[in-house]
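Here is my note on the side-chain packing, as numbered points. Please read it with the model open.

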Amino acid sequence: YAVTINELGRTTVYIRERLNCYETNGGRKYEVWFKDIDTGELKPKLLTKHGTGFLVVHNNHIYIVTAAHVAKDMSDKAEIIWNTATGKMKDSTIKDLDRELPYSKWFFHPIADIAVRPFGFTEKTEHILVPEELFIKKNEVIPLGTKVYILGFPLNLGLRDTLSPISKKAEV
């Protein structure tokens, strides 16, 4: 099963949570604001936690796969942003996933840094999914020197009008 890096890149999801920034002075906690240079408007300073995931299909169900350290670090206010087949971006929150699929949760691998969660927006949105044929089979060994690509959003790069993850060619 052949797929291009561009096609695979379109299956990525961006997971982020924006939090207000606080500083402590004299034992008191203060929210940090700044003045926008262009508009002069006062805005809260935001810290962003972020990570990369993928939408995959397995047994006709859609899942988000991400690193366990990303999933554990996000609250239900975290956003999930993905590309549609028509090239538009869609977004939702973890809380929206909870409403769509009540009682769903993150499942964590006991050893690897991987988390999986059901993604319930199957009828209402268009998805681009990693095909099941690309999954590594149980007990399959990836030989040393195999060419691979790493996809993601380092330093929040790759998020504009569409999701365009950064890719890096590497070897196992």
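1. K72 lies over the face of F108, 5.1 Å from the ring centre. K29 is placed over the face of Y22, at 4.7 Å from the ring centre. A charge counts as over a ring if NZ of Lys or CZ of Arg is within 6 Å of the ring centre and within 35 degrees of the ring normal.

2. The model is predicted: local features need pLDDT of at least 70, side-chain atom pairs count only at pLDDT 80 or more, and totals for chains, interfaces and linings use all residues. Residues are numbered from 1 along each chain as its sequence is written, and side-chain values use heavy atoms, with hydrogens and water left out.

3. The whole structure holds two aromatic pairs (rings of Phe, Tyr and Trp, its six-membered ring, with centres within 6.5 Å; planes under 30 degrees apart are stacked, over 60 edge-to-face, the rest tilted). Y14 and F153 pair edge-to-face, 4.9 Å centre to centre with 70° between the planes. Y14 is in strand 1 and F153 in the loop between strand 12 (147-152) and strand 13 (166-171), 139 residues apart. Strands are DSSP runs of E, at least two residues, numbered from the N terminus.

4. Y14 is buried, at 1% relative accessible area, and F153 is buried at 3%. Buried means under 20% relative accessible area, exposed over 50%, partly exposed in between (1.4 Å probe, protein chains only).

5. The W82 and F119 rings have centres 5.0 Å apart and planes at 90°, so this pair is edge-to-face too. W82 and F119 are both buried.

Technical notes. Helices (H or I, at least four residues) and strands (E, at least two) are DSSP runs, numbered from the N terminus.
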